[in-house]
Amino acid sequence: MCGIVGYIGKRDVAPLLLEGLQRLEYRGYDSAGIVIAGKSGGFKAVKAKGRVRELEARVPKRFAGTTGIAHTRWATHGAPSDVNAHPHLDTEGKVAVVHNGIVDNASELRAKLEADGAVFASETDSEVITHLIARSQAASLEEKVREALRVIEGTYGIAVMHADFPDRIVAARNGSPVVLGIGEKEMFVASDVAALISHTRQVVTLDDGEMATLKADDFRTYTTSGTRTTATPETVEWEAASYDMGGHDTYMHKEICEQPDAVDRVLRGRIDDKFSTVHLGGLNLDAREARGIRRVKILGCGTSYHAGMIGASLVEGLARIPADSEPASEFRYRNPVVDPDTLYIAVSQSGETYDVLAAVQELKRKGARVLGVVNVVGSAIARETDGGVYVHAGPEVCVVSTKCFTNTVVAFALLALHLGRIRDLSVADGKRIIEGLRALPEQIQEILAQEEDIKKLAAEYAEAKSMMFIGRVRGYPVALEASLKLKEISYIHAEAYPASELKHGPLALIEPAMPTVAIVPDDSLLEKNRAAMEEIKARSGRILAVAHREQEKADHTILVPKNEDELDPILMGIPLQLLAYHTALALGRDIDKPRNLAKSVTVE
Ligand code: F6R
């Protein structure tokens, strides 16, 4: 949500920053801006409502400089517009600030600053930071920033330039990620490694409460109270090429197609055939502790919450530990009872989602043990949890999640198998699940091979104004996730219900204009699912089934290969990612950047 990139060095800064913004655009894309320190002193700024390409078109040919900061925005305070775009400059044009996060006490600070003569240009909360820094009488830029941060309540990741201190950029973090990129006589600052990875893979991730001063040939980090901290650069695991579209028309398509490899990666090096179990290096949970767990509570948002629902059924099924998944955004507001024998698991692709992070912090404050199932290594949630499982999906750039959903569910299958084999899951069942897991990449490939047929179905269903998704027990989270995918990128209204609940109300909606997608695995509930389809057919509803064998009651069936019952949900979701994709494509939607959405929701 919002992207920051900054550079100080010897190279021409504008093209570097614009390239960085392009790579960050998935984090927010309603406006963008850039400020550079001109060669003859003073700042030059350009801002534009809309996409980064709009900004690029406005940047003049002669826009030379070697230090600058830039931002791509996802509006929270103040509508998307040129003036509300960052960087924000003070009235004299000496201070420039880019900010991710929310200043909670912005109105109060703004009133005080205005009473003191400050003239605001924008409606944003972020601009107060600029004026606070501009008004500080402190001798150094670091101290000016520190003074400003002392009065700010809320979250921030910021980068600051000051015309009186042209040799540096100062950055600070509290709740919104900031990474430093360490180059050869050049330094980068960004909200996400995506912006700098094509220039350096040596990065330092700031902790909350940490600040940094970047000069072309040096950097130092310290706390917001001024104490020096040690920061050893780490090498980013992901390759720069994994951020490219790789010949696909959209990131979503690329990421759907990457799933066989991604699943292979999450399994790699973790399976132990000797004991029919898996090794999960970073779990920090010994066998005795694992046996003492009485409940598992999984917390996530959106797609990650849905992945957590399947995760809960895997944990309950394989480890026989009562488990459930709850939206993290609701959890912390209901004053939950925190039980010492419950294992809490936070799920997040980005590892940054504020609602999940806040739930983790609340749980830790109450003494709970919290693990993370996270994709981004070193992210806030990965750092805040006591241990966990990385899902190794590689960078996910499309705003809507596909490969991370699949890999997260596979990671849960690994965790459930691990817990199960410590408890009462037999060797034979362990083997059965391992074989099922090993079969997944090839089976996903088989599903992807049906893309042309799914595309034809999508053309037919794209006319619908509304769609129903149904599934039972393990199939229900698949229905929920598939309906979310469809609505996010096609903007078709979609509802998801347990098939068993149809007759308790939603059946009233069924008519020829409201098609239903039914998840119909070949398991003990097959007949129940068929009965639900009968109910729909009796009301002249159209049905698209996702099943292991042709379904008579359905108008169309997408066939998926059968795996173990517990692992079937992983496969059944995949054709529905393609269905959502081709439906959105048929409707001409902006698939990678759906309206009103952004990747990584780092605000509440
Ligand atoms: C939907 C989607 C979102 C995210 C949610 C949580 O396609 O991507 O629903 O799943 O915002 O994000 P993470 O997993 O980064 O915590």
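1. An oxygen atom of the ligand sits 2.7 Å from a polar backbone atom of Gln 349. This is a predicted model. The protein covers 88% of the 400 Å² of accessible area that the ligand has on its own.

2. For Ser 350, a polar side-chain atom lies 2.6 Å from an oxygen atom of the ligand. For Glu 488, the distance from a polar side-chain atom to an oxygen atom of the ligand is 2.8 Å.

3. Where does the ligand sit? The space it takes is the second largest pocket. Two elements give two or more residues each to the shell around the ligand: helix H9 (302-319) and helix H16 (475-490). H9 gives the largest share, three residues.

4. Which residues come nearest to the ligand? There are 13 residues around the ligand, and Ser 304, Ser 348, Gln 349, Ser 350 and Thr 353 come nearest. By class, the shell has eight polar, three nonpolar and two charged residues.

5. Next, the loops. Lys 465 is in the loop between helix H15 (451-461) and strand E23 (466-471). Is Lys 465 buried or exposed? Its relative accessible area is 72%. The cut-off for exposed is over 50%, so Lys 465 counts as exposed. Along the chain, Lys 465 and Arg 589 are 124 residues apart. Their C-alpha atoms are separated by 15 Å.

6. Arg 332 is also a loop residue, placed between helix H10 (328-331) and strand E20 (342-348). Its relative accessibility is 17%. Buried means under 20%, so Arg 332 counts as buried. The side chain of Arg 332 makes a polar contact with the side chain of Tyr 333, at 3.2 Å.

7. Ser 401 lies in the loop between strand E22 (387-390) and helix H13 (403-422). Why does Ser 401 count as buried? Its relative accessibility is 10%, and the cut-off for buried is under 20%. The side chain of Ser 401 makes a polar contact with the side chain of Glu 396, at 3.0 Å.

8. To recap the site: Gln 349 has a polar backbone atom 2.7 Å from a ligand oxygen, whereas Ser 350 and Glu 488 use polar side-chain atoms.

Note on methods: Residues numbered from 1 in each chain as written. Predicted model: local features only at pLDDT ≥ 70, side-chain atom pairs only at ≥ 80, totals over all residues. Heavy atoms only, no water. Near = heavy atom within 4 Å. Polar contact = N/O pair within 3.5 Å; in protein donor to acceptor, adjacent residues only side chain to side chain. Areas by Shrake-Rupley, 256 points an atom, 1.4 Å probe, with all protein chains shown as cover. 1 Å grid on protein atoms, 1.4 Å probe; cavity = no way out; pocket = protein on both sides within 12 Å on 5 of 7 lines; lining within 4 Å. Sits in = over half its atoms within 2 Å of the grid points. Helix = DSSP H or I, 4+ residues; strand = E, 2+ residues; numbered from the N terminus. Nonpolar A, V, L, I, M, F, W, Y, C, P; charged D, E, K, R; others polar. Buried < 20%, exposed > 50% of the residue type's maximum accessible area, 1.4 Å probe, protein only.
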